[in-house]
Amino acid sequence: MSAMIKVENLTHIYSKDTPFEKAAIKDVNLEIEEGEFVGVIGHTGSGKSTLIQHLNGLLKPDSGKIYIDGQDIWENKKNIRQVRFNVGLVFQYPEYQLFEETVAKDIAFGPTNMGLSQDEINERVEQAIEFVGLSRDLLQKSPFELSGGQKRRVAIAGVIAMRPKVLILDEPTAGLDPKGRDRILSQIKDYHKRTGSTILLVSHSMEDIAKFANKALVMNESKLFAYDTVENIFKQSDSISKMGLSVPQITKVFDKLSEKGYFTNENIYTVKYATDLLLKHLKKEEQ
Ligand SMILES: Nc1ncnc2c1ncn2[C@@H]1O[C@H](COP(=O)(O)OP(=O)(O)OP(=O)(O)O)[C@@H](O)[C@H]1O
Ligand SMILES: [Mg+2]
């Protein structure tokens, strides 16, 4: 079986042959299997957005290849439209891209472009709005009447309505309050569970990556530093810190405990796991 996403020797240079030339991606090789939930992390300017915009053909490689579900996406330029339907990309601050008179029309924009029947479009719009946890009553409202968090969810619904095989979200919680953040991330997690689609989530929060992703992709200075299980990535807390990133707070606490000889064989990166471990430990002490 071939990987859902395969990136081969990808290099991308902005403003080529000008004084502003900048290699934003350098020789990246990567394979992501179907159904993975991948957290994409890296310092600001490390190339995360540039990398993911290649996966749906929004950016074209300067060299290298992108395969989606075994297909070289640039082999035939006519296929790029199809690639955009298969690989849904939610930009940072996607609410700025809402422009239709009603929420329903905004969510229907992608499916309409796909040339689906009106019945199919309506069904998808209703399912998508449910997926992001908004009431159907909002469908006939103007997107501009909604709150910031609601707008963001409408924008995500618009991408989900295309039923992409791969869903990519570039910092979907940026600028939202903690409640709004948690809601959106839990809904994305549910969506992943229900559809089994492949998800890439760019985030600056290691806590979020630890909680929601099973794999982590780390970009550093335009190169792929690592693609591995979240556990294996957070094990390398020294190299992660050197890149100006951090490991989750709870991992730091347990690193300190391990220096003192406690829980030395454990690699902890979620609060839930830490709680379970401590409770188990306390029970043992009681006996
Ligand atoms: N349109 C552009 N033109 C020229 N240079 C760009 C452009 N977009 C990004 N860059 C540069 O390419 C590099 C990688 O940028 P990119 O946006 O991919 O990083 P990022 O990891 O997504 O950062 P952030 O965490 O801030 O979103 C940076 O040095 C950035 O300044
Ligand atoms: Mg970015």
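In this predicted model, the side chains of Glu 120 and Arg 163 meet in a salt bridge, with an N to O distance of 3.8 Å. The pair joins distant parts of the chain: Glu 120 belongs to helix α4, whereas Arg 163 lies in the loop between α5 and β7 (166-170), 43 residues apart. Glu 120 also forms a salt bridge with Arg 124; these two residues are both in helix α4 (residues 118-131), four residues apart, about one turn of the helix. A network of salt bridges links Glu 120, Glu 123, Arg 124 and Arg 163.

Elsewhere, Lys 105 forms a salt bridge with Glu 101. The count of salt bridges comes to twelve, among them the following.

| Salt bridge | N to O distance |
|---|---|
| Glu 120 – Arg 163 | 3.8 Å |
| Glu 120 – Arg 124 | 2.8 Å |
| Lys 105 – Glu 101 | 3.2 Å |

Arg 124 is buried, at 10% relative accessibility, while Glu 120 is partly exposed at 24% and Arg 163 is partly exposed at 35%. Lys 105 is partly exposed at 39%, and Glu 101 counts as exposed at 55%.

Helix packing is also described. The axes of helix α3 (residues 103-113) and helix α5 (residues 148-160) come within 7 Å and cross at roughly 30 degrees. Because angles under 35 degrees count as roughly parallel, α3 is roughly parallel to α5. Their crossing is right-handed. Val 103, Asp 106, Ile 107 and Pro 111 of α3 make the contact with Val 154, Ala 157 and Gly 158 of α5. These contact residues comprise five nonpolar, one polar and one charged.

Conventions
Residues numbered from 1 in each chain as written. Chains lettered and ligands numbered in written order. Predicted model: local features only at pLDDT ≥ 70, side-chain atom pairs only at ≥ 80, totals over all residues. Heavy atoms only, no water. Axes fitted to C-alpha atoms, helices over the stretch in contact; angles between N-to-C directions. Parallel < 35°, antiparallel > 145°, perpendicular 65-115°, else oblique. Left-handed = near helix turned anticlockwise from the far one by under 90°. Contact = heavy atoms within 4.5 Å. Nonpolar A, V, L, I, M, F, W, Y, C, P; charged D, E, K, R; others polar. Salt bridge = Lys/Arg side-chain N within 4 Å of Asp/Glu carboxyl O. Buried < 20%, exposed > 50% of the residue type's maximum accessible area, 1.4 Å probe, protein only.
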